[in-house]
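Here are my notes on the two-chain model you sent.

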Amino acid sequence: MIEVKELSKHYGDKKAVDNISFTANDGEILGFLGPNGAGKSTTMNILTGYISSTSGKALIDGVDILENPIKAKKNIGYLPEIPPLYMDMTVKEYLNFIYDLKKCKLARVSHLKDICRLVKIENVYKRMIRNLSKGYRQRVGLAQALVGNPPVLILDEPTVGLDPSQIIEIRTLIKKLGKNHTVILSSHILSEVQAVCDKIIVINEGRIVANDTETNLSDKLSGSHILTAQIEGSPETITAAVRGIKGVTLCKMVNEREGACEYRIECEEGVDIRRELFRLMAEKDCPILELKSAELSLEDIFLKLTMGETPQLEGKESE
Amino acid sequence: MGAVFRREVLSYFTSSIGYIFLAAFYAFSAIIFTSTSLANGSTQMDALFSQLMLILVVLIPILTMRTMSEDKKSKTDQCLLTAPVSVGGIVAGKFFAAWLVYTCAVSITLVYAVIIQSFEAPDWLVILGNFTGLELLGAAFIGVGIFCSSLTENQVVSAVISFIAMLALHMFSIIGDLIPIDAIAELFAKLSFYERYTGFTYGLFDLSNALFFISAAVIFLFLSARVLEKRRWA
């Protein structure tokens with residue numbers, strides 16, 4: 001369990017982390033969502049005792065990280081943004097070093113073997129870390145965090161630099177780990193946090209903008225009132241027709257292609273125009289080739305959460 | 001501490017640094033040994049021991065330059081500082097690893113003594129005293145080197161600062177002599193590594209000199225630990 005109380009970190013005048021509080025319970029996966037420079041890594045570095053806080057408390061399983069660092073650190077597995085790997089060691093040497101460093105008591109050979117199987121690095125076990133690809137390095141970094149089976153895992157952007165299939169693998173792994181660990185992970189990708197976490201904290205400019213469970217936040221942030229459609233036919237006819245639908249506030253061609261153009265359609269919140277749009281386009285003989293809800297970018301999310309109103313989207317104009 | 005120590009020793013010999021240091025030390029000490037003891041047909045080795053100091057001033061920065069700076073640069077300090085070990089343990093591990101490699105280097109002087117033994121018995125007690133002095137001097141220099149390395153992320157900068165610092169410590173008594181205030185000149189002479197070490201090469205084992213080097217090593221290692229700790233607070 002992790003408790004953070006009114007934590008702040010100032011660098012001179014700059015407030016990297018500004019008075020944040022949250023709790024992550026046992027067996028919970030907590031996601032930190034925020035753009036670059038939001039204070040995610042700083043918070044994680046404070047939680048793991050790498051840097052100190054200016055004020056406030058961070059308790060890991062009830063132990064204050066500043067007052068009793070060695071005891072608190074025993075319970076933490078940390079994967080920093082850049083995996084802290086010694087390039088001049090083999091994976092085997094490195095994991096054995098970490099095993100010794102953490103004064104791990106579990107059976108050495110079988111424990112390290114289990115971890116390697118879990119993060120799928122068995123085939124590179126005897127290779128030099130400097131010769132590994134970024135994806136493998138990331139996994140060795142994750143393996144390092146898992147050594148000693150600490151109850152708390154803190155993972156700073158664990159999927160950065162991985163290819164799509166690896167990303168899915170790592171997400172599945174984190175979900176699995178989340179069953180019997182407390183996990184905090186950070187990301188700047190909304191869908192990733194949504195896919196993995198039980199609870200999401202949105203952080204921007206050092207402050208918590210939202211602290212919510214995944215479903216609550218998803219509802220708030222759903223972009224269903226903004227649609228992107230690819231429709232074949234004359235743009236003039238289509239825009240005029242779409243604008244005629246009740247509830248539509250904007251219809252704009254965003255991408256011009258021969259034959260089919262892409263449109264951005266915005267409507268009032270709570271209004272679903274998809275069926276009507278389908279019928280109308282069928283009537284006009286303009287086939288819809290693609291129709292999807294627009295995804296909100298991080299900026300839109302912050303604006304939405306901080307302003308509590310419709311995000312200011314690019315290209316928005318009054319009719 | 002044990003884990004850090006083993007990793008550091010391993011890394012000296014997986015990179016070329018350990019080999020370069022040993023090879024350079026063996027080569028230069030052999031040249032001095034040949035040109036002093038062997039060429040003169042003398043069983044005395046004090047000339048070798050006193051000249052080794054300058055070689056160490058040049059070579060020890062090579063040994064210590066990456067100890068702290070490399071960790072900072074490659075962010076591996078994140079793994080050390082978030083592990084359940086004390087900062088003191090990390091610094092001590094690094095120090096003893098460097099000292100072990102250093103001991104491998106200076107032990108060659110005992111081999112030279114054995115070579116002399118094949119001609120005529122040298123004064124073993126004096127040689128052992130000298131060897132102890134060399135070990136203590138090395139410990140203090142390594143302390144200085146680790147401290148310099150903890151100040152920067154750049155290995156080259158670290159090596160240059162340590163080299164300058166060690167040269168200054170070596171020359172303290174000369175610098176002191178230039179200052180026309182007796183008290184200061186005396187203080188500089190007391191702090192001069194050269195003055196302290198020369199005692200050993202005369203075959204004198206003075207406990208105060210031994211304690212001086214031990215304290216110097218401890219102080220600089222303590223300061224290195226503070227620098228590591230400071231970054232947690234800054």
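Predicted model: local features only at pLDDT ≥ 70, side-chain atom pairs only at ≥ 80, totals over all residues.

1. The axes of helix α3(A), residues 91–101, and α1(B) approach within 8 Å and cross at roughly 155°. An angle over 145 degrees counts as roughly antiparallel, so α3(A) and α1(B) are roughly antiparallel to each other.

2. Which residues make this contact? On the side of α3(A) they are A:E93, A:F97, A:D100 and A:L101, and on the side of α1(B) they are B:G2, B:A3, B:R7 and B:L10. Sorted by class, the contact of α3(A) with α1(B) has four nonpolar, one polar and three charged residues. As a reminder for reading the spacing within each helix, an α-helix has 3.6 residues a turn, so residues three or four places apart point the same way.

3. The interface as a whole involves 19 residues of chain B, which are in contact with 23 residues of chain A. On the chain B side, the elements that give two or more residues are α1 (2–14), α5 (77–81) and α12 (207–233). The largest share, six residues, comes from α1(B). By class, the side of chain B that touches chain A has eight nonpolar, eight polar and three charged residues.

4. On confidence, the model scores ipTM 0.88 and pTM 0.83. Chain B has an average pLDDT of 91, and 100% of its residues score at least 70. Among the elements of chain B, the lowest mean pLDDT (86) belongs to helix α10, residues 182–191, and the highest (95) to helix α6, residues 87–106.

5. How many helices and strands does chain B have? The count is twelve helices and zero strands. Read along the sequence, the pattern of chain B is α-α-α-α-α-α-α-α-α-α-α-α.

6. The overall dimensions of chain B can be set against the globule rule. For 234 residues, a compact globule would have a radius of gyration near 17 Å, and the 18 Å of chain B agrees with that. The C-alpha trace of chain B spans about 55 × 50 × 30 Å along its principal axes. Of the 234 residues of chain B, 43% count as buried. Among contacts in chain B with a separation of 6 or more, 76% are between residues 24 or more positions apart.

7. Helix α4(B), residues 66–74, deserves a look. This helix is mostly covered, with seven of its nine residues buried. The buried residues in α4(B) are B:R66, B:T67, B:M68, B:S69, B:E70, B:D71 and B:K72. After α4(B) comes B:K75, which has a positive phi near 65°.

8. Is B:L178 buried or exposed? B:L178 lies in helix α9 of chain B, residues 155–178. It counts as exposed because it has 9 C-beta neighbours inside 10 Å, where 12 or fewer is the cut-off. B:L178 and B:E135 are 43 residues apart in sequence and 30 Å apart in space, C-alpha to C-alpha.

9. Chain A has eleven helices and 14 strands. Of the 319 residues of chain A, 39% count as buried. Residues 24 or more positions apart make up 67% of the contacts in chain A with a separation of 6 or more.

10. A:E157 is placed in the loop between β7 (152–156) and α6 (164–178) of chain A, and its phi is near 45°, a positive value in a residue other than glycine. A:E157 counts as buried because it has 22 C-beta neighbours inside 10 Å, the cut-off being 20 or more. Leaving aside residues up to four places away in sequence, A:E157 touches A:E81, A:S186 and A:S187. A:E157 and A:S187 are 30 residues apart in sequence but 5.0 Å apart in space, C-alpha to C-alpha.

11. A:K103 is not a glycine, yet has a positive phi of about 50°. A:K103 is found in the loop between α3 and α4 (108–119) of chain A. With 14 C-beta neighbours inside 10 Å, A:K103 counts as partly exposed.

Terms used
Residues numbered from 1 in each chain as written. Chains lettered and ligands numbered in written order. Contact = placed C-beta atoms within 7 Å. Helix = DSSP H or I, 4+ residues; strand = E, 2+ residues; numbered from the N terminus. Nonpolar A, V, L, I, M, F, W, Y, C, P; charged D, E, K, R; others polar. Axes fitted to C-alpha atoms, helices over the stretch in contact; angles between N-to-C directions. Parallel < 35°, antiparallel > 145°, perpendicular 65-115°, else oblique. pLDDT = per-residue confidence, 0-100. Rg over C-alpha atoms; globule rule 2.2 N^0.38 Å.
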